[in-house]
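This report describes one protein model, from its overall dimensions down to selected side chains. The sequence and structure come first.

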Amino acid sequence: MPLPLKYLSAIAALCVLLPVPPARALDLTDDTLANATAYIPPQCYTRTRAANGAVHNPCYACHVASQAPNYVDDADLQSEYTFPQPAQDNHWVNLFKDRSLAVHLMGDEDILSYIRTDNYRRGDTLLLAARLRKPPKGWDVDGNGRWDGYTPDAWFHFDAQGFDRAPDGRYTGWRAYAYYPFLGTFWPTNGSTDDILIRLAGPFRESAEGHFDLAVYRINLAIVEAVIKRADVPLPSTDERRYGVDLDGDGRLGQARRVRYDWAPLEGRYMHYVGRAGTLQRAGRLHLAAGLFPEGTEFLHSVRYVDPTGDGNVRLSARLKELRYARKTRWHSYSDLHEAALGEFKEQNDFPDRPSQFVGNAERGLRNGQGWVYQGFIENARGDLRPQTYAETVFCMGCHSGLGITTDGIFSFQRKLVAPARQDGWYHWTQTKYLRGLADPLQADGQGFYAAYLRANGAGDEFRANREVGKRFFDASGKLKPAMRERLGHDIALLLYPSRERALTLDKAYRIIVQEQSFVHGRDATVTPPKNVYRHVKTDQSTGIETPLPAPGNLRGTYLSAE
């Protein structure tokens with residue numbers, strides 16, 4: 001007689017706790033997709049209708065009426081599960097596993113020791129970069145004997161202005177920025193901490209004569225920020241005569257204390273980079289347009305465990321779960337992007353059941369069709385970083401190529417903190433109290449960014465499985481508690497930080513996924529199967545959301561004790 005399923009699950013859980021065997025050779029040349037629609041994330045299978053008839057809307061976090069040159073405009077997805085046929089069965093089977101026993105048997109000190117061990121850097125060595133200098137045969141997709149993708153080169157050693165510095169003091173070009181965490185999944189209370197660095201291409205860091213110039217770089221970063229946010233950006237007092245550019249738009253060259261956003265080419269109003277980038281822009285070799293990053297822009301995003309500090313706070317773990325990389329390799333104009341969006345719409349209309357396709361490979365990264373290449377690294381079974389496979393990278397592509405909420409495919413930069421935040425938001429989380437003391441920023445409609453999400457969703461995560469947030473912020477009838485909403489207005493950590501117990505539980509659950517190497521089946525650190533997740537959705541099934549919510553617009557924040 002076969003063993004009952006619950007006993008088989010317990011045995012499987014125990015096996016996960018056994019010593020990890022030597023990792024088998026990873027073959028990155030394998031581009032097999034067990035899940036053809038891996039670009040549709042698990043959160044899209046959320047059951048939005050509750051048993052009591054209430055309708056929850058976590059969908060507006062991603063799917064909104066977009067702003068050009070984002071022509072995706074997918075607010076309709078708040079109202080319908082519009083999936084191609086292969087996606088109608090939920091392939092994220094890790095959601096349906098019960099890891100309670102394995103989590104219970106894993107010691108607190110064991111998981112703390114694990115997450116506090118750095119798997120990225122050891123002394124003056126970047127561990128993954130060292131391994132990529134002579135990649136294993138299975139990693140060399142094109143067989144030319146070298147690694148042709150991104151080689152990690154950030155040291156995560158930041159100066160007072162947020163610039164990353166190598167051990168010899170050299171600037172790597174990377175700069176850290178603080179930002180309001182994205183709604184739901186990326187809150188520490190839901191399992192992960194993270195940070196993000198930006199780097200502009202070489203010419204943006206150089207004087208007109210071609211020499212590295214930190215002042216030029218800071219100005220160009222501020223110009224890019226103004227262009228992305230479509231708003232004025234503060235600047236240290238800068239002599240415009242040195243650069244020959246009217247940065248504050250007052251009609252003369254003097255002392256500028258801001259970059260004024262004033263880009264309206266149809267009305268003859270333009271903005272200009274400084275230094276060598278400005279020279280190349282005038283020659284038509286670099287471009288500037290509202291809502292678009294310039295060519296060569298790079299982002300580095302580390303996803304980490306939640307490390308409870310013992311005083312009610314949390315911090316980023318030393319260990320990386322993932323290292324995600326993006327680089328803009330080609331410029332696409334507004335008309336290029338509009339034409340591509342129309343083509344995608346026609347494709348979906350003509351072939352609604354055909355999954356999206358992504359060009360590229362695990363070594364060089366995957367293209368999103370909008371000028372960007374995305375690549376990732378993730379833990380192997382022993383916790384060392386390795387390149388993601390093609391299938392594991394497809395997981396990243398839907399969010400970075402087909403959502404109305406993003407700006408040029410990027411999530412975070414438009415939510416970067418500004419003055420009066422420390423260094424106008426140019427700092428790394430390790431240089432402050434992380435999220436503690438940041439006020440809930442105001443949306444364009446005057447609501448708090450996070451309070452609005454709690455009202456719309458009625459929960460602190462898409463699956464409505466975070467009981468800790470539920471108990472803390474909602475009353476027995478499911479209404480947001482006024483007193484907690486008021487406190488949230490002054491400190492978002494009250495919502496975004498988990499208790500020590502929850503942090504360790506989620507860390508353990510994710511480590512089990514790492515040991516299984518089952519990322520293609522889902523990466524969410526769930527312990528018991530969430531109840532509000534569909535195993536199957538029907539064609540154009542209604543979510544019950546009748547009126548789509550708008551995007552929040554530029555956030556206006558205040559900065560309290562964290563600064």
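The sections below cover the basis of the values, the overall fold, the salt bridges, and several individual sites.

## Basis of the values

This is a predicted model, in which local features need pLDDT of at least 70 and side-chain atom pairs count only at pLDDT 80 or more, while totals for chains, interfaces and linings use all residues. Residues are numbered from 1 along each chain as its sequence is written, and side-chain values use heavy atoms, with hydrogens and water left out.

## Overall fold

The protein has 13 helices and 15 strands. These elements are DSSP runs numbered from the N terminus, helices being H or I with at least four residues and strands E with at least two. Along the principal axes, the C-alpha atoms fill a box of roughly 85 × 55 × 55 Å. The radius of gyration is 24 Å, which agrees with the value near 24 Å for a compact globule of 563 residues. This radius is taken over C-alpha atoms, and the globule rule is 2.2 Å times the number of residues to the power 0.38.

Of the 563 residues, 55% count as buried. Buried means under 20% relative accessible area, exposed means over 50%, and partly exposed lies in between (1.4 Å probe, protein chains only). The accessible surface comes to about 24800 Å², and carbon and sulfur atoms contribute 52% of that surface. Areas come from the Shrake-Rupley method with a 1.4 Å probe; for residues, only the protein chains shown count as cover. Among contacts (heavy atoms within 4.5 Å) with a separation of 6 or more, 72% join residues 24 or more positions apart.

## Salt bridges

Side chains of opposite charge can pair when their charged atoms come close. A salt bridge here is a side-chain nitrogen of Lys or Arg within 4 Å of a carboxyl oxygen of Asp or Glu. A search of the whole structure finds 30 of them. Arg146 and Asp148 form one, with an N to O distance of 2.8 Å. Arg146 counts as partly exposed because its relative accessibility is 48%. Both residues belong to a salt-bridge network that also links Asp142 and Arg364.

Another salt bridge joins Arg199 and Asp153 at 2.9 Å, N to O. This pair links distant parts of the chain: Arg199 lies in strand β6 (residues 193-199), and Asp153, 46 residues apart from it, lies in the loop between α4 (127-132) and β4 (163-165). Arg199 has 8% relative accessibility and so counts as buried, whereas Asp153, at 26%, is partly exposed. Glu322 and Arg324 also form a salt bridge, their closest N and O atoms being 2.8 Å apart. Both of these residues are buried.

## A buried aspartate without a salt bridge

Asp461 sits in the loop between α9 (449-457) and α10 (467-473). Asp461 is buried but has no salt bridge, and the nearest side chain of opposite charge, Arg502, is 5.9 Å away. For charge, Lys and Arg count as positive and Asp and Glu as negative; His and the chain ends are not counted.

Which backbone nitrogen does the side chain of Asp461 reach at 3.0 Å? It is that of Ala465. The Asp461 side chain also reaches the backbone nitrogen of Asn466, at 3.1 Å. Leaving aside neighbours within four places in sequence, Asp461 is in contact with Asn190, Tyr453 and Asn466.

Tyr45 is in the loop between α1 (5-16) and β1 (80-81) and counts as buried at 1% relative accessibility. The Tyr45 side chain reaches the backbone oxygen of Ala87 at 2.5 Å. The C-alpha atoms of Tyr45 and Ala87, 42 residues apart along the chain, are separated by 9.7 Å. Not counting residues up to four places away in sequence, Tyr45 touches residues including Phe83, Trp92, Asn532 and Tyr534.

In helix α8 (residues 390-397), eight of eight residues are buried. Among them are Tyr390, Glu392, Phe395 and Met397. The buried residues of α8 pack against β10 (314-328), β11 (360-361), β12 (365-367), β13 (372-379) and β14 (385-387).

## His272

His272 lies in the loop between β8 (255-259) and α6 (275-282) and is partly exposed, with a relative accessible area of 37%. Beyond its neighbours within four places in sequence, His272 is in contact with Ile223, Val245, Gln281 and Leu288.

Terms used: Polar contact = N/O pair within 3.5 Å; in protein donor to acceptor, adjacent residues only side chain to side chain.
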